[in-house]
Amino acid sequence: MAARVCKVPDIPAGALLTTAEMAEADRLTIGLGISAEALMEAAGARVAEAIHRRWPPGMVAVLCGPGGNGGDGFVVARLLADRGWTVRLASLLPIASLRGATAHHAHLWSLTGAGTHGVEPLSAFVLDGAVLVVDALFGAGLSRGLDVPVRDVLLAARARNIPIVSIDVPSGVSGDDGVDLGAVPADLTVTFFRKKPGHLLQPGRALCGMLEVADIGIPDGVLDVVGPAAWENTPSLWHRQFPKLTATGHKYSRGHALIWGGFPMTGAARLAARAAARVGAGLVTLAVPEQAFPIYAANCLSIMVTPIDGSAALERVLADPRLSGLLAGPGAGHSAQMRSRVLTLLRAARPMVLDADVFALFRDAGPELFAAITAPCVMTPHEGEFSRVFDATGSKLARARQAARTSGAVIVLKGSDTVIAAPDGRAAINANAPPSLATAGAGDVLAGMVTGLLAQGMPAFEAACAAVWLHGGAAAGFGPGLIAEDLPERLPAVLRDLDLYISGGHA
């Protein structure tokens, strides 16, 4: 009896599937009565269509591996031949050694006129005269290094400047974590149904080139059974929790963020404070050492500044029940006094962001820091800061998830492929950040944005995801020449576009 799969309305768009989850989606689809051969035919057809849209017919070298990826390649070869391409096909294994749906499509290839020219062994000779290479050797499930003979053929194609189209992932990219197992960069990668984490995590993302996700007939309802726990970070993941302005709202209902301002490094906290205000917090206060008060006060207008002359003064400020989001770290310094202040802020049990100098303050003292977390908390380390407090071994996604479980905080592990991980195992990978974000102070702005959203009552995981996405959008909208000061000023335009997107029902 065919499997029953229910339609799922509540799984956000942009789900990322591990190789095991994708295999389960295939299995469920076959249980619905769609054969493995039909799925493979659809996959090969989508790749052939993607090629035909981009390149005029010529000579193509199709390189086929022993598994399902190779089967897709046999379909691509047959369909491109039908469209007038001259096809040379090389296989790692003789056709007689293939099994299942792959053997079926290899047989169909052998029956075509093009297929009568035979199947060549894999070597660089198959590239002679080719204007395009189709890499159908290994898919996302490869867990070992790419064999040298296979890699040499792909390197030869790259050396000859022949464009490479990869099926699923470039051979040698791990689909679950983007690890490079000897891959050669592709110009175009066509994958199916949903992206995998390795399509977004570096270096896999860079190795994929242009990425196209194709529909091959797998119903969305299988996601209900598969139960993905990772997503590409887009508004569909968090827009329902995003703060909305109301006619009856006032500045206190929009949240009050408190940011610790360091000294003598005063710029970082000011950047964070402006970002918190721009993202919608109704009030933002900088709590600063007494000797720094004139510097902050002279440079802040809508941002309030309050001097703190000791721990008792900080506790008096924290006694205000209207404070709804806290931030410590940007420009905070590495003193024992600052370490004590971080713990005092955590004892206030308000939603909080920990960034920058906090990770140096608690170097090799993670358990003490984690024990002090009793309210929603977001940590925003870059890789160097992460390694001061957490185990830095393993893939980026696995490390972020483990850090979240260990600390009880949402982890924003920054980079060109920022990972946001929650203690319950949910994770998102961000893909909209341009290279221009690699500039001093950009992380302080991000920390302020997360704080501003927490202060408005947004849940920690969703607030972190939204801030990361808005941060990337602000940078992309500005273009070249970006410096950190530009980011808060770009936020209104990104927020306006987000509001139109959500109100239009697209998220």
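A residue is called buried under 20% relative accessible area, exposed over 50%, and partly exposed in between. By that scale Glu489, with a relative accessible area of 35% in this predicted model, is partly exposed.

Select Glu489 together with Arg274, and you will find a salt bridge whose closest N and O atoms are 2.7 Å apart. Arg274 belongs to helix H9 (residues 267-278) and Glu489 to helix H19 (residues 486-503), so the pair ties together parts that are 215 residues apart in sequence. Arg274 is partly exposed as well, at 39%.

Next, select the open sheet, in which seven strands run in the order S4-S3-S2-S5-S6-S7-S8 with parallel pairing. Strand S4 (120-121) and strand S8 (210-214) each have a single partner strand, so one side of each is left without a neighbour in the sheet. Helix H2 (residues 36-54) packs on this sheet, where it touches strands S5, S6, S7 and S8, and its direction makes about 150° with that of S7.

Then select Lys196 and Asp168, whose side chains meet in a salt bridge (2.9 Å, N to O). Lys196 sits in the loop between S7 and helix H6 (197-200), while Asp168 sits in the loop between S6 and S7, 28 residues apart. Are these two residues buried or exposed? Both Lys196 and Asp168 are buried.

Finish at Asp355, in the loop between strand S14 (352-354) and helix H13 (357-361). Asp355 is buried, with a relative accessible area of 1%, and, leaving aside neighbours within four places in sequence, its contacts include Leu327, Thr380, Lys414 and Asp444.

Note on methods:
Residues are numbered from 1 along each chain as its sequence is written. This is a predicted model: local features need pLDDT of at least 70, side-chain atom pairs count only at pLDDT 80 or more; totals for chains, interfaces and linings use all residues. Side-chain values use heavy atoms; hydrogens and water are left out. Two strands pair if DSSP finds at least two bridges between them. Helices (H or I, at least four residues) and strands (E, at least two) are DSSP runs, numbered from the N terminus. Contact means heavy atoms within 4.5 Å. Axes are lines fitted to C-alpha atoms, for helices over the stretch in contact, and angles run from 0 to 180 degrees between N-to-C directions. Buried means under 20% relative accessible area, exposed over 50%, partly exposed in between (1.4 Å probe, protein chains only). A salt bridge is a side-chain nitrogen of Lys or Arg within 4 Å of a carboxyl oxygen of Asp or Glu.
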